[in-house]
Amino acid sequence: MVLPPPNVTGVLTLGHMLGDSVMDALVRRARMQGRATLWVPGVDHAGLATQVEVRRRLAKEGVRFEELSREAALAELERWRAEHERRIIEQTRAGGFSVDWSRFRYTMDPASVRATRDAFVALYRDGLVYRGERMVNWDPRLRTAISDLEVVNTEEETTLVHVRYPFADGGLGGIEVATVRPETIFGDVAVAVHPDDPRYADAVGRYVSVPISHRRVPVITDPAVDPTFGAGALKITPRHDPVDREIALRHPELATPVEIFDESARLTGAGVPAEFHGYEREEARAKVIAALDHAGLLVRSEPYRHSIGRSERSDAVVEPRLSTQWFVRMAPLAAPVVAAVRAGEIRIHPERWNRAFFRWMDGIQDWCISRQILWGHPIPVHTCRACGTANVALETPTRCERCGSSELSPDPDVLDTWFTSWLWPFATLGWPERTELLERYYPTSVLVTGRDIMFFWVARMMMSGYRFRGDRPFRDVYFTGMVQDETGRRMSKHLGNSPEPLDLIRERGADALRFGLLFPNPASEDGPFGMAVLDGARNFLTKLWNLVRFAAPHVSAGGDAVRDAPSLTRGARLENRWILSRYRRAAEESEAELDGFEPSRAAAVLYRFVWHELADRYVEIAKDALAGRQGEPAARETRATLRFVIDRTLRRLHPFVPHLSEELWHALPHDGEFLATAPWPAADEVAPDAEAEVEMETVLEAVRLLRNLRADEAIAAPAVPAAWIRPSGPEVARVLERETATVTRLARVGPLEFLSAGAASPPGAAGRVAELGECYLARPAPAAGETEALERERAKLTRLLDKEQRRLADEGFCARAPPEVVRATRDKARELAERIRRIDEHLRPGV
Ligand SMILES: [Zn+2]
């Protein structure tokens with residue numbers, strides 16, 4: 001596996017820890033299964049995102065990033081990288097994730113530089129990388145192109161302005177155009193209407209005058225115009241709107257549009273009247289509206305809600321901008337990936353994400369890979385100043401390959417970060433060299449990551465895998481859920497609601513954090529994480545610790561490590577047969593869940609087995625035999641069973657809680673140096689024993705019934721009342737009679753007598769009827785002195801009850817008091833009445 005390299009933008013969040021916990025569970029199990037495992041760690045330079053962080057930090061210190069020299073800026077970036085890389089490594093180590101640290105990689109290390117360059121050159125030579133003038137998403141604050149995936153679209157409140165474009169031939173009227181961006185009026189090359197719109201039949205072919213700048217532009221028709229929007233006429237600004245750009249491409253007769261914005265989206269250029277130069281979009285808009293109003297061309301303006309794209313990195317409103325950039329042609333790369341996923345060659349878990357995946361792949365756009373920033377791999381292109389040829393080569397060229405000139409300019413841009421990360425599954429194994437590592441471990445097995453980078457990263461790794469290696473990069477993709485806080489908000493750095501994992505590890509331990517992240521939330525669902533979840537995990541680990549501490553002296557008695565399952569004879573003790581059978585089921589189930597990429601469910605199976613079956617039931621029952629009260633053969637058989645089950649349980653828990661399981665395993669007799677490398681047990685070492693399970697269910701049911709009767713009768717701990725059971729049939733009778741000692745000990749009753757079908761019920765006893773028969777419990781007679789105490793208690797409760805009942809009888813109270821107070825009063829009265837009833841039963845048993 002490759003570890004998705006975390007961005008050096010920040011440090012690890014709980015979301016990273018969740019993914020790492022899933023991966024570690026998978027890799028540790030595979031290692032114990034004796035498979036060759038490799039888990040490669042690394043970090044990502046995260047180009048633009050990191051530059052934004054550094055820019056922000058410097059701004060706080062009063063330094064403008066843009067004013068630093070190139071060297072000083074790179075030094076700041078490098079300093080940031082080193083700090084964050086160090087903390088990420090510290091966090092990963094603290095979590096106990098078993099990555100291969102000797103193979104740690106960085107997306108800008110020399111081997112990554114080589115791989116990135118190689119991929120670019122290969123794609124360029126195959127015609128899959130090209131330079132072109134395309135509409136890009138321009139971030140005017142960061143002054144770079146950003147990817148479609150980095151644009152966040154939300155509905156915002158703006159103003160829709162209706163502007164009249166007068167006819168240029170002096171004819172009456174004109175055309176009314178509705179726009180939210182009147183400041184782009186200086187870039188207009190036409191006004192377009194729908195070809196079937198009768199309102200404009202006379203206008204088509206004529207010219208209108210663009211307000212303020214008084215340029216003549218034609219009225220054209222295009223089917224892309226929506227006749228229901230505004231008055232059905234669209235101003236065409238091809239350099240700053242993707243739809244306008246498409247329309248302009250269909251109308252080659254139109255004038256070449258001029259650029260009206262600089263890199264910061266301030267008005268500029270020959271097309272813009274001087275008084276508007278230098279204004280940013282918002283200010284320019286206000287000035288243009290005022291000028292339109294002054295010229296009498298502003299028809300009206302109205303509030304308007306529509307979707308606006310902002311840069312995920314800087315929150316600036318993204319400017320669609322026609323710009324010369326480098327692109328990867330995606331359709332030919334996507335085709336084999338779609339086929340592979342459809343054919344099941346790569347499987348996505350959970351399967352529901354398949355739909356989103358195919359939808360994106362089917363509509364895939366070319367990928368703009370150039371960024372106008374400092375932090376990243378330089379684009380390996382040198383343009384000849386003499387003849388204009390782009391020299392694209394693995395080694396930095398010294399002469400133009402076409403004209404031989406040595407006047408070469410390196411491309412000023414850098415590559416999008418993902419252009420390196422998409423090579424990760426093979427670049428980390430030595431590609432483009434044909435290394436032994438690459439031959440052995442590519443394709444990788446599993447990729448575990450968050451679905452938020454399904455398109456940024458996962459889909460692109462698939463494309464590069466088939467392109468450069470002719471094979472899938474991994475067999476399975478597992479998307480974890482998003483970790484949320486207790487109020488259901490996604491944890492994020494911006495909200496400040498994500499705790500620092502190192503603090504949690506320091507306070508509660510790495511295993512508690514890992515187990516808490518996996519359980520009880522399914523790892524593939526979004527789920528809340530808070531202290532309650534962490535406490536739940538820690539309580540489980542404490543339970544496990546206490547269990548093994550209790551068991552250690554018993555199971556260490558033999559001194560030998562556990563090798564095989566104990567072979568129980570036909571007459572073996574029920575609890576031993578039962579726990580082996582339950583272990584077998586837990587083993588099988590947790591195994592199936594891990595195979596099916598349900599690590600949380602696997603953890604839940606083990607949790608329930610350890611807590612409810614092994615600790616709460618089996619150990620409670622087995623204590624008697626372990627103490628030697630049932631004779632030495634029973635003690636020996638029970639020790640062997642307990643020791644086997646604990647050994648196997650620790651092995652199965654190891655992938656989830658490696659530290660605690662390793663520690664406990666060493667406290668018991670064991671073979672081998674580490675649990676981490678001990679063999680993974682086969683699930684079928686012991687056979688299921690359905691008979692033992694049914695019989696134990698009967699025993700536990702009897703215990704439950706008797707305990708409930710005790711609770712109903714409020715019989716305090718030291719009392720051991722007599723009990724009776726009238727079994728519903730001979731099978732139940734046989735089991736309960738044989739297991740009488742267990743039932744009486746666990747239910748704390750005695751003696752226990754069995755009633756035949758015709759026998760009378762014990763007089764004065766509390767009774768219950770259930771599937772296994774009738775259970776009765778003797779009500780203890782009140783002891784001397786106790787009667788008086790109960791009478792006093794009864795009198796007190798009666799006074800209280802009267803008071804509550806008087807309140808409830810008062811109509812004024814019921815009408816005025818808040819409903820919850822009335823409800824509480826009613827509950828209180830009911831509870832008091834119930835307590836009085838109980839006392840009455842004790843005072844007059846049998847009545
Ligand atoms: Zn040249």
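In strand β21, the bridge partner of V448 is Y478.

First, the terms of the model. This is a predicted model, in which local features need pLDDT of at least 70 and side-chain atom pairs count only at pLDDT 80 or more, while totals for chains, interfaces and linings use all residues. Residues are numbered from 1 along each chain as its sequence is written, and side-chain values use heavy atoms, with hydrogens and water left out.

Back to β21. Helices (H or I, at least four residues) and strands (E, at least two) are DSSP runs, numbered from the N terminus. Two strands pair if DSSP finds at least two bridges between them. One of the partners is D476 in β21, which is bridged to R347.

How many of the seven residues of β21 are buried? Six are, so strand β21, residues 474-480, is largely enclosed by the rest of the structure. Buried means under 20% relative accessible area, exposed over 50%, and partly exposed in between, with a 1.4 Å probe and protein chains only.

Next, the metal site. The zinc ion is coordinated through the SG atoms of C384, C387, C400 and C403, at 2.2 to 2.3 Å. Donors here are N, O and S atoms within 2.8 Å of the metal, or 3.2 Å for Na, K and Ca; water is not among the atoms, so sites may look incomplete. Along the chain the zinc donors are spaced as C-x2-C-x12-C-x2-C.

What is the geometry of the site? The angles among the four donor atoms are 103 to 113 degrees, and the site is tetrahedral. Four donors count as tetrahedral if all angles lie between 85 and 135 degrees. For reference, ideal angles at a metal are 109.5 degrees for four tetrahedral donors.

C400 counts as buried because its relative accessibility is 4%. C403 has a relative accessible area of 41%, so C403 is partly exposed.

Now the sheet that includes β16. Strand β16 covers residues 381-384, and C384 is one of the zinc ligands. The sheet is open, has three strands in the order β17-β16-β18, and its pairing is antiparallel. β17 (390-392) and β18 (408-410) are the edges, each with a single partner strand, so one side of each has no neighbour in the sheet. On average, neighbouring strands are turned by 30 degrees against each other, direction ignored. Three bridges connect β16 and β17, and V381 has V392 in β17 as its bridge partner. Helix α4, residues 110-125, lies across β16 and β17 at about 125 degrees to β17. Axes are lines fitted to C-alpha atoms, for helices over the stretch in contact, and angles run from 0 to 180 degrees between N-to-C directions.

There is also an open sheet of four strands with mixed pairing, in the order β8-β9-β7-β10. Its edge strands, β8 (207-210) and β10 (233-236), each pair on one side only. The average twist from one strand to the next is 35 degrees. Inside this sheet, β7 (residues 190-193) and β9 (residues 215-221) are parallel, with three bridges; V193 is bridged to T221 in β9. Helix α5, residues 242-249, lies across β9 and β10 and runs at about 85 degrees to β10.

The axes of α16 (residues 574-595) and α18 (residues 632-653) come within 10 Å and cross at roughly 10 degrees. That makes the two helices roughly parallel, since angles under 35 degrees count as such. Contact means heavy atoms within 4.5 Å. The residues of α16 that meet α18 include I579, L580 and Y583, and on the α18 side they include F644 and V645.

Finally, two single residues. Where is H45 found? H45 is in the loop between β1 (42-43) and α2 (47-60). At 0% relative accessibility, H45 counts as buried. Leaving aside neighbours within four places in sequence, the contacts of H45 include Y106, M108, W375 and H377.

V163 is in strand β5, residues 151-166, and counts as buried at 1% relative accessibility. With the same exclusion of neighbours within four places, its contacts include I175, V177, L292 and V299.

Terms used:
Four donors count as tetrahedral if all angles lie between 85 and 135 degrees; four count as square planar and six as octahedral if opposite donors are over 155 degrees apart and all others between 65 and 115; anything else is irregular. Angles under 35 degrees count as roughly parallel, over 145 as roughly antiparallel, 65 to 115 as roughly perpendicular and the rest as oblique.
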